[in-house]
Amino acid sequence: MTQEGKPKTLKHSQGGKGRSCGLCLFIFLLLAGASAVAVCLIYRPRKPRFAVVGAAIYQLNATSQPIISTSMQFTIVTRNPNRRVSIFYDKLQAYVSYRNQQITPAMDLPPLYQEAKSTVALTPLLGSGTVPASAEVVNGLMMDEASGVVALRVVLLGKLRWKAGAIKTVKYGVYVKCDVWVDLKKGAVGPVPLLGAPPCKVDI
C-alpha cells in the first residue's frame, strides 16, 4: 500500500506545480493586458510620426546585372506627439527598397527610448557591397539615373511599447514606410537633394 501510494503522491505534486505555473502565467498576461487597456483608455496614446529630411548616396551601381552595389544614408526624424506617454522601440531594423524590391540588407538599429513630446533623429547607413537584383530593378535604376530622379522607399520595422508613469503596455509591431524622391545624377556621390518626401506611413 505504501509503495503504491508514493507515485500517486508525486504525480499529484507535479500536477499541482503545473497548475500553479499556468495560473501565474494567466495572471501575468491578465495584468499586462489590463495595463495596456488602462494606458489606452486614460492617455489615448497616438502613433509616432516619421519623416525623411536628408539623404546621401555613396554607391548605387546598377550596371552589372543581376547584382547592384548600394551604400546610402538617410536622416529620419521621429516625433512622439504624446504629452504624457513615452515610447520604447525595440528590435528595430531598416532597409531600402526600390519598386517593392529590397536593395539593401536589413540593418539592426539600437533600442530607442523617446520621451513625451520629443523629437529624435536617426541616421542609419544602409547597404554594403553587392546585393542580388532583378532585371526590373537594374533596368529601372539605370533609366531613373539617366533622368536624374530616383524613387526609393526607406522601411523601418520593429516593436514598440508605450509607457505612462509606471505602466507599460505590451509590445506592438511597428511598420514605417517612407517614400522619397532624390535628385541623383549618374556618378554623383554624397548628399543629394530631396525632390519629395511626404510624411511616412506608420502602421501599428
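Tyr 95 stands opposite Val 155, a residue of strand E10. The strands are DSSP runs of E with at least two residues, numbered from the N terminus. This is a predicted model, in which local features need pLDDT of at least 70 and side-chain atom pairs count only at pLDDT 80 or more, while totals for chains, interfaces and linings use all residues. Residues are numbered from 1 along each chain as its sequence is written, and side-chain values use heavy atoms, with hydrogens and water left out.

Strand E3 (residues 86–98) is paired with E10 (residues 149–164) in the antiparallel sense, over 10 bridges. Two strands count as paired if DSSP finds at least two bridges between them. E10 also pairs with strand E12 (residues 172–183), again in the antiparallel sense, over 12 bridges. In that pairing, Lys 159 stands opposite Gly 173 of E12.

E10 has a further antiparallel partner in strand E11 (residues 167–168), with 2 bridges. Here Lys 163 has Lys 168 of E11 as its bridge partner. The hairpin of E10 and E11 has 2 residues between the strands, and Gly 165 takes a positive phi near 65° in this hairpin.

Elsewhere, Tyr 58, Leu 125 and Val 189 make a nonpolar surface patch of about 290 Å². Such a patch joins nonpolar side chains (Val, Leu, Ile, Met, Phe, Trp, Tyr) within 5 Å, from residues with over 30% relative accessible area and no salt bridge; a salt bridge is a side-chain nitrogen of Lys or Arg within 4 Å of a carboxyl oxygen of Asp or Glu. Accessible areas come from the Shrake-Rupley method with a 1.4 Å probe, and for residues only the protein chains shown count as cover. Leu 125 lies in strand E8 (residues 125–126).

Terms used:
Helix = DSSP H or I, 4+ residues; strand = E, 2+ residues; numbered from the N terminus. Patch = residues over 30% accessible without salt bridge, like charges linked within 9 Å, V, L, I, M, F, W, Y side chains within 5 Å.
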